Amino acid sequence: MFVTSCWLSVSQAGVMTHDELVRRFPPPMIVGEKDAGIPIWPVFKQNATANELVGYVFESIDLAPIPGFSGIPINLLIALDPKGNFLEVKVISHHEPVFLDGLGEAPMFQFVGQYKGLSLNQNIKIGAHGSKASAANAYLDGVTKATASVRIINQSVLASALKVARKKLGFAEGRDPDLIARIKTALFEPHSIKDLIDQGLIKHVVLRNKDIEKQFSGTPGAELDPEALQHPDAPFVDLYLVYASVPSIGRNLLNPASWRNLENRLDPGDHAILVLSQGRYDIVGEDFIPGSIPERMVLKQDKLPIEIRDLNLDLSLKNSDALPHPQSMKVFRIMSQSGLDPSRPFDFTLPVTRSKGIIYPERITKDFSFSTRLPFRFYTAAESDNKSWVGIWKSRWHELAALIIALTVLSIALSRQKSLTGNDKRFIWFRRGFLSFTLFFIGWYAQGQLSIVNITGLIQALLAGRNLDFFLYDPMTVLLWGFVAVSLVVWGRGTFCGWLCPFGALQEFTGKLARALNIPQLKIKAKTDARLKRVKYILLAGIVASSFFSSNITDALVEIEPFKTAITLNFVRSWPYVAYAVGLLLVSTFVYKFFCRYLCPFGAGLAVLGRFRMLDWIPRRKECGKPCQTCRHRCDYQAIEATGKIDYQECFQCMDCVVIYESDEKCAPLILEKKRAKFIPVHPMPVTD
């Protein structure tokens with residue numbers, strides 16, 4: 001155990017040496033000494049007689065060791081320049097199953113290559129292909145079939161880079177879209193417009209000509225505005241800023257029709273800022289294109305820019321003498337993905353530019369800044385334990401809802417098995433329908449195939465003392481595991497293996513199709529069957545043991561499962577893996593569900609855990625096994641002993657034997673009872689006077 005702990009502790013530490021970094025950053029680059037306070041290396045470039053700082057190089061595992069889908073952190077080499085721009089992101093090491101002989105490493109390398117040129121000043125998100133980037137937002141193309149892994153990579157890059165930026169680049173605390181306060185959309189307080197202004201809920205800002213001239217004093221831009229010199233007390237700009245998407249502000253300011261129009265244009269989590277202005281300074285300018293980003297008004301939070309975009313929406317105010325009739329009224333949308341935090345100050349800047357000269361005029365710009373802040377009662381503070389996985393759960397709510405409904409239906413059906421199996425035709429169609437849902441929705445669409453990788457990842461994470469947050473990046477897996485944990489206690493391993501395993505469903509359909517085509521079936525002798533069933537337990541023991549001392553060996557051994565090839569990657573993989581998966585399916589046309597019964601290490605693990613089940617849920621009669629052998633001979637899994645006893649560790653809960661038990665046309669004892677009842681004479685009741 002001591003050796004294991006040492007190995008795991010080393011596995012989550014950085015591996016870069018000074019010599020290796022010199023090789024990666026050759027002259028004219030100069031790699032400095034490792035920082036004493038934070039594990040980073042400065043990189044310089046010789047410029048004449050001075051060394052100019054190019055940036056900082058570091059490993060993500062040293063600063064943000066977020067476990068990957070395998071339970072082991074992905075290690076990335078990241079280079080960040082002094083302004084917070086990514087110079088380079090490279091993969092040093094990983095153990096992500098989907099990229100190990102699955103999709104291959106090329107898509108992973110292409111994904112991390114997208115960071116080059118992006119900035120921490122942007123809100124970097126994984127979006128759909130072709131999502132439009134901007135000064136405030138940047139979108140990375142994700143990798144199909146590797147959603148959880150690329151989100152963990154993105155979190156590793158941003159979390160580690162922000163730590164460096166805060167320590168070395170003077171960045172304020174970074175914004176995380178899932179670590180922000182939320183507006184209380186159900187809260188409404190009636191206020192007059194005058195009350196809103198008096199309470200500061202509508203921010204009133206006045207800049208006069210003399211204020212502008214004062215800022216330009218002593219610069220080439222001084223005294224270039226004759227009107228400002230002639231009318232120093234006249235307003236240069238008179239602004240009213242309104243956080244219009246807050247119901248207690250927007251509903252009190254706008255008339256009902258305008259409020260409804262605004263609500264209809266905003267997606268959940270979006271914000272809207274309404275700006276009313278008068279004076280010489282138009283906040284959008286004469287050349288402004290409706291629907292675009294204004295150049296004369298900038299919003300920042302924690303020194304990081306946030307994109308505001310014109311909604312091109314005509315709104316009407318309630319009648320009030322508290323507000324003058326504005327010359328200009330614009331409403332700007334702030335998308336939820338921007339990470340705007342309603343609990344923190346809104347820092348606005350109005351850049352004012354003056355030009356000196358005619359042919360090649362010199363442009364002089366001065367910024368005029370002001371802030372506003374929303375009172376606490378209008379928002380719910382961020383929860384300290386929120387993580388980036390929260391957004392993933394929210395984005396997949398429709399898939400999770402469908403799965404919850406399906407699991408509820410399955411639970412009700414299995415708990416009322418007498419009704420379920422009372423009509424064999426109805427049961428067959430229910431089972432076929434549910435297995436189709438399992439294969440197509442849970443497996444191929446939602447990527448919810450549980451695997452031995454879940455168990456080895458858990459073991460490796462616990463041994464290394466890491467938290468288990470990496471599981472939360474795959475909500476389908478978490479939800480399925482929760483249900484399987486309960487079903488193991490109630491019914492045993494059969495609920496998952498017989499109803500919820502996508503590859504198991506694929507094998508079952510393959511076997512049923514083979515029988516429909518009259519392909520001969522091989523019935524394995526009882527002794528040979530019992531010996532073969534031990535193989536999966538041996539494989540389970542070997543894989544679990546390897547996870548204690550070598551993740552590389554574990555990565556190789558888990559390939560005994562064809563799940564990644566057949567379900568996760570839809571057979572799009574190198575030919576040896578595809579041949580193996582297809583070969584198992586072909587074998588199952590002759591030997592029913594061959595892999596599930598004899599080779600599946602995950603099924604073996606569930607069988608071990610299933611020993612603690614509460615119920616022996618398959619009904620038995622005294623005639624079962626003595627003398628009746630109908631169920632035993634018809635059990636495709638050979639999970640019924642000659643005595644009639646059920647081997648629940650090998651039972652897949654197909655319920656064929658329960659259908660026989662409930663049928664007076666298939667169950668031999670019921671058939672005999674029916675025959676006896678037919679021939680027993682019925683004596684008429686005596687008639688008495």
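Modeller: Buried means under 20% relative accessible area, exposed means over 50%, and partly exposed lies in between (1.4 Å probe, protein chains only). This is a predicted model, where local features need pLDDT of at least 70, side-chain atom pairs need pLDDT 80 or more, and totals for chains, interfaces and linings use all residues. Numbering runs from 1 along each chain as its sequence is written, and side-chain values use heavy atoms, without hydrogens or water.

Biologist: Why is Phe437 called partly exposed?

Modeller: Its relative accessibility is 22%. Phe441 comes to 16%, so Phe441 counts as buried.

Biologist: What makes Phe503 and Phe595 an edge-to-face pair?

Modeller: Phe, Tyr and Trp rings (for Trp, the six-membered one) pair if their centres lie within 6.5 Å; planes under 30 degrees apart count as stacked, over 60 as edge-to-face, the rest as tilted. The centres of Phe503 and Phe595 are 5.9 Å apart and their planes stand at 90°, so the pair is edge-to-face. Phe503 is in helix α18 (residues 502-516) and Phe595 in helix α24 (residues 594-598), 92 residues apart. Both residues are buried.

Biologist: How many aromatic pairs does the whole structure hold?

Modeller: The search finds 23. One of them joins Phe437 and Phe441, at 4.9 Å centre to centre with 20° between the planes.

Biologist: How do you know what counts as a helix or a strand?

Modeller: Both are DSSP runs, numbered from the N terminus: helices are H or I, at least four residues, and strands are E, at least two. The protein has 28 helices and 18 strands.

Biologist: What makes Lys210 and Asp233 a salt bridge?

Modeller: The term requires a side-chain nitrogen of Lys or Arg within 4 Å of a carboxyl oxygen of Asp or Glu. Here the closest N and O atoms are 3.0 Å apart, so the pair qualifies. Lys210 lies in helix α7 (residues 209-216) and Asp233 in the loop between α8 (226-230) and β10 (235-243), so the bridge ties parts 23 residues apart in sequence.

Biologist: How do you know that Arg280 and Asp225 meet in a salt bridge?

Modeller: The N to O distance is 2.8 Å, which is inside the limit. Arg280 is in the loop between β11 (271-278) and β12 (298-301), while Asp225 is in the loop between α7 and α8, 55 residues apart. Arg280 is partly exposed at 33%; Asp225 is buried at 11%. Shared partners join Glu213, Asp225, Glu227, Arg280 and Arg354 into one salt-bridge network.

Biologist: What makes Arg251 a charge over the ring of Phe188?

Modeller: The test takes NZ of Lys or CZ of Arg, within 6 Å of the ring centre and within 35 degrees of the ring normal. Arg251 sits over the ring of Phe188, 3.8 Å from its centre. Arg296 also passes, lying over the face of Tyr281 at 5.1 Å from the ring centre.

Biologist: Why is Ile358 called exposed?

Modeller: Its relative accessible area is 82%. That is over the limit, so Ile358 counts as exposed. Ile358 is found in the loop between β16 (346-356) and β17 (362-372).
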